[in-house]
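Biologist: Please put the model up. I will ask, and you take each point in turn.

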Amino acid sequence: MKHLITAIALLAAAPAMAADKMTLLLDWFVNPDHGPIIIAQENGYFADQGLEVDIVAPADPSAPPRLVAAGQAELAVSYQPQLHLQIHEGLPLKRVGTLIATPLNCLLVLKDGPITQLSDLKGKKIGFSIAGVEEAVLQAMLGQHGVTTDDIEMINVNFSLSPSLMSGQVDAVIGAFRNFELNQMEIEGVDGRCFYIEEEGVPSYDELIYVANPERMDVDMVTRFLAATEKATQYIVNNPEKSWEIFSGTSAELQDELNAKAWVDTLPRFALRPAGFDAGRYARFEQFLLNSGMITSLNPVDDIAIDVTAK
């Protein structure tokens, strides 16, 4: 009995196993799109999986995938359309999980403005932030309505998408997120209208994904990370108001009307199965990019995305 008591005492005094450390680079500053990540952190789900996750907002939004490719972080939040192009550029990246499972991008116009249908954009100005996939998206959307990219003038408005539209600098903007820009305009007293790209000839895709370097990643750590964010997503769906309190309580900057509205609009778009993916969806978007001239060859889905839990 004495030996048993001694053994128990030794176990109680022993230090807990150190958590595995990993760095996650966000695509932008913390916002409702990152709900499952923050809830997993705040509710202790990462800790339950033996993980200590350092969540980092980037100084340059284009940098995270490249930093992961270079081995300077384990995971990055990125975008499915960009991933296809980055792999063709030779970056060692692969989708390992999904955060937002539907497109958020839309072509945004003034609700009471002169653009009532896409054919009205002929001869008009369209603002954008980042060149690349947006050109292929516009080509697909406008082409169905007798308008080509030669019929429009594209203007780089940097990140002032809704301000440039409201001020009349442009007639429409592409790259606006339907869960943010629409709410931002409404708050400022100007109603906007989205043309949803997946309803206008663009294949549906995963807006936000987790990417890793397949040559360097620790599959077990990534699997545990996804298990934690899946549990967080379930918590959000089951407890939307409480989860908003937890999320917004992490920063005073999140406690405003825009983020509150965006939270409600983003909630149904979180991936309920972060590890799972639709192989056909990735194949279709790769074919879409080839058809639009953005890439010159097709990569197999296995080179683009993986279900780490299936290994």
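Modeller: Start with D307: its side chain makes a polar contact with the side chain of T309 at 2.5 Å. A polar contact is a pair of N or O atoms within 3.5 Å; within protein, one must be able to donate a hydrogen and the other to accept it, and residues adjacent in sequence count only if both atoms are side-chain atoms. This is a predicted model, where local features need pLDDT of at least 70, side-chain atom pairs count only at pLDDT 80 or more, and totals for chains, interfaces and linings use all residues. Residues are numbered from 1 along each chain as its sequence is written, and side-chain values use heavy atoms, with hydrogens and water left out.

Biologist: Which residue is 31 residues from D307 in sequence and 5.8 Å away, C-alpha to C-alpha?

Modeller: D307 lies in the segment after helix 12 (279-291). Helices here are DSSP runs of H or I with at least four residues, strands are runs of E with at least two, and both are numbered from the N terminus. Leaving out residues up to four places away in sequence, D307 touches A275, G276 and F277, where contact means heavy atoms within 4.5 Å. The residue at 5.8 Å is G276.

Biologist: Is D307 buried, partly exposed or exposed?

Modeller: Buried means under 20% relative accessible area, exposed over 50%, and partly exposed in between (1.4 Å probe, protein chains only). D307 has 23% relative accessibility. That makes D307 partly exposed.

Biologist: What is the relative accessible area of I236?

Modeller: I236 lies in helix 9 (residues 219-238). Not counting residues up to four places away in sequence, I236 touches G35, P36, I39, S243, W263, L267 and F270. I236 is buried, and its relative accessible area is 0%.

Biologist: Which backbone nitrogen lies 2.8 Å from a polar atom of the E181 side chain?

Modeller: E181 sits in helix 8 (residues 181-187). E181 is buried yet has no salt bridge; R178, the nearest side chain of opposite charge, is 9.3 Å away. A salt bridge needs a side-chain nitrogen of Lys or Arg within 4 Å of a carboxyl oxygen of Asp or Glu; Lys and Arg count as positive, Asp and Glu as negative, and His and the chain ends are not counted. The backbone nitrogen at 2.8 Å belongs to F177.

Biologist: Which residue in strand 10 is the bridge partner of V77?

Modeller: Strand 10 (residues 208-212) has five of its five residues buried. Strand 3 (residues 75-78) runs antiparallel to strand 10, joined by three bridges; two strands pair if DSSP finds at least two bridges between them. Strand 4 (residues 94-100) also pairs with strand 10 in the antiparallel sense, over five bridges, and there G97 stands opposite Y210. The partner of V77 is Y210.

Biologist: Which residues of strand 10 point the other way from L208, Y210 and A212?

Modeller: L208, Y210 and A212 point one way, and all the residues on both sides are buried. The other way point I209 and V211.

Biologist: Why is the chain called as compact as a globular protein of its length?

Modeller: The chain has twelve helices and ten strands. The globule rule (2.2 Å times the number of residues to the power 0.38) is set against a radius of gyration taken over C-alpha atoms. For 311 residues the rule gives 19 Å, so the chain counts as that compact because its radius of gyration is close to this, at 22 Å.
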